[in-house]
Amino acid sequence: MGDPDRAMFRTVGKSERKVDGYGLVTGRPKFVADIEQPGTLYVKILGSPHAHARIRRIDTSGAERFPGVACILTHENTPSTRYTTAGQGYPEPSPYDARMFDRIVRFVGDRVAAVAAESEAAAAEALRRIVVEYDLLEPVLSIDAARRDGAPIIHPEEDAAGIYDASRNIVADVDIDVGDIERGFEESDVIVETTCETQYAQHAPIEPHVVWSWLDEDDRLVLRTSTQVPFHARRIVAQTLGIPLHRIRVIKPRIGGGFGAKQEVLLEDVAALVTLRTRRPAFVLLTRQEEFVASRTRHPMRVRVKLGAKRDGVLHAIEMEARSNTGAYGAHGLTVLANTGSKTLPLYNKAANVRFHGQAYYTNLPVAGAYRGYGATQGYFPLETAIDELAGRIGIDPIELRRRNHIRAGETSPIFEKLGEGREGVSQTIKSCELSRCIEWGAERIGWAERRGVHRRRGSWVYGVGMSVMMQGSGIPQVDMGAATIKMNEDGSFNLLIGATDLGTGSDTILAQIAAEVLGVPLAKMVVLSSDTDVTPFDVGAYASSTTYVSGTAVERAACKVREQILTVASAMLEEDPAALRIGDEAVVAPSGRQVTLAQVCEQAMYRSDQFQIGATASCVPSESPPPFLANFAEVAVDTETGRIRVVHYVAAADCGTAINPALAEGQIEGAIVNGIGYALTEEMLISSQGRVRNPTFFDYKILCARDIPRIDVLLVDSYEPTGPMGAKSVGEIGINGPIPTIANAVHDAVGIRLRTTPFTPERVLAALSGDATGG
Amino acid sequence: MMAITLVIDGVRRSFEVAPSEKLLDVLRRLGYTGVKKGCGSGDCGACAVLLDGRAVNSCLVFAAKADGCEIVTIEGISHGEALHPVQEAFLDEGAVQCGYCTPGMVIAAVDLLSRHPDPTEEEVREGISGNLCRCTGYKKQVRAILRAATRMRGDRDG
Amino acid sequence: MAAKEERVVDHIETYARPQTVDEAIRLRQKWEDAARFVGGGVDLALYTPPSVRALIDLSGLGISSIRAEDGDLRIGATVTITELMEDDSIAAVLDGLIVEGMRSVASPLLRNLATVGGSLVSRHPWSDVIPLFLVLDAEVSVRQAAARWIPLASFLEEREAWADGLVLEARIPAAAPGSAAAFEKFSRTEFDVAMLNCAGFAARSSDGRCAGVRIAVGGTPRLAARVERVEAALIGEALDEDAIDSAARLAAKEVAVGDDRRASASYRRRLVEVGVRRVLTRIAAGRGGEER
């Protein structure tokens, strides 16, 4: 499209109301559970009470006899195909280690059986009548336990595939290096090393996982599901159940949040099989407890970072070693591990010597999966605190140290090529980077100069400020694909059909804005239909911060093709050279000022002359993944009497390229920040010595409420990414990576302690304040 | 089973409920799908409705307890096509992301503003403290409610 | 396959809505331990024990008002927490102590439903209402065959004795001039139960020394209780920094604390000391309510 004058944009760059907003704010039936199917069977799933066991015997006769029960599934009557639940591009870089129902159960809550009955209450009652005899196996309840010689093997099955070394419970192993790391450290003047540990956390979308399946009037299986990955869901269900893919339709309606938890095929297989066997609709909805225990979680990790720098603070050697707990199944185990390095290390590209190595381990614990940030969150914790320590050791301002080290436009990093999504990555040169401006604006807004090193006191509270910088990516280069179809209607409106998955992020809206901008119409004339595998073209789905950049480019391309067609028709109508025509304000205008409206153009093409459907499909496979950048600043207050940390003010200055819809871009960052603060301060899944989650409720798993949030300022720095649609990059994930290191660094400024284990509970802080070694 | 009568969104309705049934489940099975279930334990607020003018977690109200009461769900907040100022403000401020918490939050906001037409930011935060949101971070929702309050007070620049 | 409308047998057989206290008592006598009184119903909606077969709703009994009588404030058992907070005479108690304390209870949605009576009867160890009412020297009127007033602490302790009783009202005596009170709650987030809470009250004589002191600590994780040894140590003392400090440290020794999901025992021990110190410091300054 060239480099347009963005000041001329009519809809891109405007905080337009969401196209689906009206229905959401009036509570129209838009979510999976809102539209009933007559004759529905309600499905409940029996979860294992044991962390590791073999099912010796399962007796479902009591359940079968229970009134209202229509179908029961166990390992004895379901396909034994191994697959991955991970919603990733095929062939998935996750092991095929899951079965619909297995003989072996591998975590408390793992599937044992499913009952479909006339009512939820009947299904729950019937579930209680299933008698299971278990042979208990020794559970592995930590990474250290998984690594021990002679540790029980969690996936010994012969038919699993893609596990790095099942005999040692290693799902994935990554080891890459650039230069010579040992020599790099020898040549460094200052060395800083830190090890940080992050906890089990859950996405806690307010809508739990849910699916409604039925056979349509042509006997095709329809799955209406709360998913981030409709096309992957279709493929994986077809594969797992051994049914033809073309007999399945997956529809994603409005969904109530995902954050990565729904980048997974978690319930669709069960619902589908119940429907296929009974020929009746099936409804599966996880309870909040099941959502915590038996859906997906963040990967707990222990990550060590060692930095070697020259006296002037320029990094010369960086080593990152990550140990990840992927839980009972390996979905996303390799890719999250790899992203821990691939989304962090390129940021500091001055270091000629870099090593990233790590393993992802199986444990008999809740299954970790995709979660916003996807490893980068865990990696930035030690990286950005080590850099902060380095600044202290050398005696320069942390901001200045970032300035001396961060990547800039025109530069590259060897890490881009070495480390991709579980395999080699793709080399790229940064084409847009406004991180310097982000740092400058953010520092000013937080009042860095006035607040840093001051240790202001107010009663028992001591104040401090800290900062961090980061990058993420925009889609998975050469792997992700998104496509869009646009067709025109005779009133000058368009249908935009996109596979891209709106989880509430507003992708329907921003993609419509892109198309509307190209085609010169107001947003209301762009009618969006998304995420229906029968109707919309393919899209990998909402993950890897790909939608704006990848799907957006597909939309832009499709819109350009359609614009060409419109101009061709208009040129015949106006008898002018198409190259001389301009499109805008719902009309095509000739240099003379004569014009035809878009409605007239379409009417011409639909009814009058040389009729054809004005429309086009276009795809995008990105060749690079231009990173958004973020500078985070926080002012915290630490209560030295209780250890409580209060975030007073949080500033995030972002370079996401063109913000297609500034309010939605801000909203992504604001939401990610608050989630990140919870991850930093209050959220923790507590696991018993038997591997059971002790706090699977909002009562005891504390996410932030409206009274907990600090003053939040999101600053969108003007930036333009030439490879992105209208200059856009991505913004969905990066915000969540900031709070942990930023708060940790601010706490250090306030009270001089280094926190290295999340969450930073008051107890941990107090222990660190009193010099207790275990506290930090 | 027992017979109860409720006025729901302005319409008087009589029906049968089990003694232990909760208002949330009754409303949803009657088709009021704007009332959302997020936890079933009073922790998330997605199920909030007005019960005789007060915002409550419908998942914790015995339906039988509500006999004779007036219920307003999100569908009763707007009047025909005209949105309530809170709803308008939510749309204008970008305070709706996935929208799952939105009905409950709008209900809580309407209750708050009926009692505190000129709330401070602190009072707004407190007013929606029982409505968990995982998408927005609350900032735009608080701004939307303050903006709606201004509009409702008839200030010109709301 | 069963018919579409079949339901699993509900162990609750009846939801009754008596219109008089006598009727409510009669129903309780009929159903005995299989009956539960319903205020807001929050706790019962969360979990109804399988042995419960009858729910007796109290909202029609006319015990939902707040009034002054003989210098006391009388609070009907079915007054909701929100109604309590909105009442002018309650707001006037000890500089708004009750209102401030209630602001940290749960959420406005839950406060619109939960009742004063229910909050006392449920005996939640993390209750914020109970320690506040304890230091306000509250009594409850419990109706069994007849109604009688019992100190709240006794009511809480003698669970068995009052199990079949119906709490009709709470009464709070008027505080002497020069009294002050304060409340402190420690929790993980702002919509959370206490990992520890502390309420305090002191009446002072004309020379500024404590004539009466009541301190209650809750969420230890046990049910809130008065810390009598600390109270006794403060009688006749001026509330200066040293006295407050000793009292706080004594409380940390006296109050039994334990581990649970919310906090460890050792951390709670620290919070007892901090909480008591903060509460007494605010009382000494004549400031009520909770510090933010």
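The model is predicted, so local features need pLDDT of at least 70 and side-chain atom pairs count only at pLDDT 80 or more, whereas totals for chains, interfaces and linings use all residues. Residues are numbered from 1 along each chain as its sequence is written, chains are lettered from A in the order in which they are written, and side-chain values use heavy atoms, with hydrogens and water left out.

**Helix H5 of chain B**

- Helix H5(B), residues 139–152, has 14 residues and spans 20 Å from its first C-alpha to its last, close to the 20 Å expected at 1.5 Å a residue; that expectation is 1.5 Å times one less than the number of residues, and helices (H or I, at least four residues) and strands (E, at least two) are DSSP runs numbered from the N terminus.
- Its buried residues include B:Lys140, B:Val142, B:Ile145 and B:Ala149, where buried means under 20% relative accessible area, exposed over 50% and partly exposed in between (1.4 Å probe, protein chains only).
- The cover over these buried residues includes helix H18 (662–681) and strand S27 (711–716) of chain A, as well as H2, H3 and H4 of chain B.
- Just after H5(B), B:Gly154 takes a positive phi of about 85°.

**Interface of chains B and A**

- The contact (heavy atoms within 4.5 Å) takes 42 residues from chain B and 48 residues from chain A.
- Together the two chains bury about 3800 Å², 57% of it on carbon and sulfur atoms, buried area being the accessible area (1.4 Å probe) that two parts lose on being put together, summed over both.
- Seven salt bridges are found across this interface, each a side-chain nitrogen of Lys or Arg within 4 Å of a carboxyl oxygen of Asp or Glu.
- A:Glu666 and B:Lys140 meet through their side chains in a salt bridge at 2.6 Å, N to O.

**Salt bridges involving chain C**

- A:Lys702 and C:Asp192 form a salt bridge at 3.6 Å, N to O; A:Lys702 lies in the loop between H18 and S27 of chain A and C:Asp192 in the loop between S9 and S10 of chain C, so the pair joins two chains.
- Both A:Lys702 and C:Asp192 are buried, and both belong to a network of salt bridges that also includes A:Asp700 and C:Arg188.
- C:Arg143 and C:Asp22 pair at 2.8 Å, N to O, in a salt bridge; C:Arg143 lies in strand S6 and C:Asp22 in helix H1 of chain C, so the pair ties together parts that are 121 residues apart in sequence.
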